[in-house]
Amino acid sequence: MLGRALPGPEQGVIRDAITEGVIRRLLDKGDPRLQNFQLCNGCGSCTPYCPAQINDLEANGDRGYLARKVTAALQAGRRPEIDLSDCVQCYSCETVCPRSVSIGGIINAVYETEHVQPVFRRMLLDRGCLPPHAFLPLYTGRGRIRKFVAKAIQYPCPVDDRAVDEVRRLLLHPVEASAFSRPGHPAPKRPLTRPDQVFHLNSCCAFNYPGADLSQREILAALGIRYETSRLQTCCGGAPHYMGGAGFADRLLLTARNLSVIRDALEPDDGIAITGICPTCSDSYTAALELLSVSTNRAVVNEALGRIGREVGNPGTFVVANILDLYPLYLDELRRLVETRLSGLRVGVHVSCHYRKMTGTLAVPPGLQDLAAVTGARVVRSGMEHHCCGGVKNLFDRHQNGHTKGLPRLNRLVHKGFMQHRLDVMVVDCPGCELVYDHMGVPVLHITELLALATGADPRETVCIQGHLTSLSPALGRIGIL
Ligand code: SF4
Ligand code: SF4
């Protein structure tokens, strides 16, 4: 038998058997992402919001098609017959579903089982984060290797060796996702109030936009908010999770371990606020705090953390202070801090899918517009506020598959919108969206970078505009910032 290839039909039978085994295993073990798929009644609310158009409404006019295709297959114990890699993991479907069914979560669970990305997992085990070289293909694909080298020298991986060792010991003894259950009625979230101090997260994607991170620190200091960071903090698992390199349980364990680090870094307090420049991190912490509110979940997590001498306590101690919730509490102060009004700059705003997933609403929150308006820039409303940028997963998939030329459908839509509205710059809340825009040739600033420019920060020293792939010089030069 050795060396003789199986005929095509037999390969297909074996492939189907393996895949159906995967689905059965996910169902039998009770993976939390699949737990409530039976609640789907095919109402179709989710379908029009899927930016990947996994269902082409115009082709069959069936609003419930996307969900039925996925959930009906699960009912029958079969793999959904869609190209899982089309899904950009935006979770708009989950956000909009009146029954909290997560089509994106189901796709993520199946994708994770079929396409483990050893390369991202290896990076987590070796470095405790997505290190600079994780992003190298995105720079070589655009012929920007010098920008990559300059950043890699100046902003190396921020994680301490002791933390990497703990991550390795944690992830090398995997916990099944089925060990966790979702809370039936999540505790109501405490409204965010002005914190005295915050823990500022190092985000993996900050490598691409060190200016967003430096700007955030300057703004926190200018607002009189004390902040702590720690080199013992690692990746929350969010970005690798959506790209198939960290499972559901891995992400929870990584975030829970970080909660223990954060607790150690700050004085014991009743309201530890966690901030950072990345909504995927915010979403990881929000999801973890919700899961940890169930005592049985906490027990499983603490058993795993116990192996590395850590423990996570009362999740009610922490509050997630995403910048779109935190900074709007200080609009008057920010207005007073503005030294250079960015009048004449036409900006569009784009709110990340993962911020909306975290907040559970697809409505465009006012925070980003209000913050952009504080700088004096002219905020131009456009359909792009509602669009998915195209997703970091899609960007990495294309580069891994060697499709570096041309823009995919979603990117083309966004690019067209930018040109039609004659915008100078897009303003985003997410370093992942920033990477996608920057990569498709759209000048883009993280909201922290825009605020820092208006409050007098040096465009090169602090905002690091020279590290962007798409030049900001024409837009900023025209308004006299450069
Ligand atoms: S997943 Fe939710 S929104 Fe989509 S069809 Fe089912 S019930 Fe409706
Ligand atoms: S996660 Fe986003 S891309 Fe994936 S199925 Fe849901 S809406 Fe579509």
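**Close-up 1. The shell around ligand 1 in this predicted model.** Ligand 1 is surrounded by Cys40, Asn41, Gly42, Cys43, Gly44, Ser45, Cys46, Ala67, Cys97, Pro98 and Val101. A residue counts as near a molecule or strand if one of its heavy atoms lies within 4 Å of it. By class, this shell holds 7 nonpolar, 4 polar and no charged residues. Nonpolar here covers Ala, Val, Leu, Ile, Met, Phe, Trp, Tyr, Cys and Pro; charged covers Asp, Glu, Lys and Arg; the others, Gly among them, are polar.

**Close-up 2. The shell around ligand 2.** There are 11 residues around ligand 2. Cys50, Cys87, Cys90, Tyr91 and Cys93 come nearest. The shell divides into 10 nonpolar, 1 polar and no charged residues.

**Close-up 3. Domain 1 beside domain 2.** In contact across the two are 12 residues of domain 1 and 13 residues of domain 2. Contact means heavy atoms within 4.5 Å.

**Close-up 4. The open sheet E2-E1-E3-E4.** This sheet has 4 strands, with parallel pairing. Strands (E, at least two residues) and helices (H or I, at least four) are DSSP runs, numbered from the N terminus. Two strands pair if DSSP finds at least two bridges between them. Strand E2 (226-228) and strand E4 (318-320) are the edge strands, and each pairs on one side only. From one strand to the next, the twist averages 35°. Strand E1 (residues 197-200) and strand E3 (residues 272-275) run parallel, joined by 3 bridges. His200 has Thr275 in E3 as its bridge partner. Helix H10 (residues 210-222) packs on the sheet and touches E1, E2 and E3. The direction of H10 makes about 175° with that of E1. Angles run from 0 to 180 degrees between N-to-C directions; axes are lines fitted to C-alpha atoms, for helices over the stretch in contact.

**Close-up 5. Helix H12 between a sheet contact and a helix contact.** H12 lies across E1, E2, E3 and E4, at about 120° to E3. How do the axes of H9 and H12 cross? Helix H9 (residues 161-171) and helix H12 (residues 248-265) have axes that come within 11 Å and cross at roughly 145°. Ala163, Glu166, Val167, Leu170 and Leu171 in H9 meet Asp250, Leu253, Leu254 and Arg257 in H12. This contact has 6 nonpolar, no polar and 3 charged residues.

**Close-up 6. The open sheet E6-E5-E7-E8.** Here 4 strands pair in parallel. Strand E6 (378-379) and strand E8 (444-446) stand at the edges, each with a single partner strand, so one side of each lacks a neighbour in the sheet. Strand E5 (residues 346-350) pairs with strand E7 (residues 425-428) over 4 bridges. His350 stands opposite Val428 in E7. Helix H22 (residues 447-454) lies across E7 and E8, at about 85° to E8.

**Notes.** Residues are numbered from 1 along each chain as its sequence is written, while chains are lettered from A and ligands numbered from 1 in the order in which they are written. In this predicted model, local features need pLDDT of at least 70, side-chain atom pairs count only at pLDDT 80 or more, and totals for chains, interfaces and linings use all residues; side-chain values use heavy atoms, leaving out hydrogens and water.
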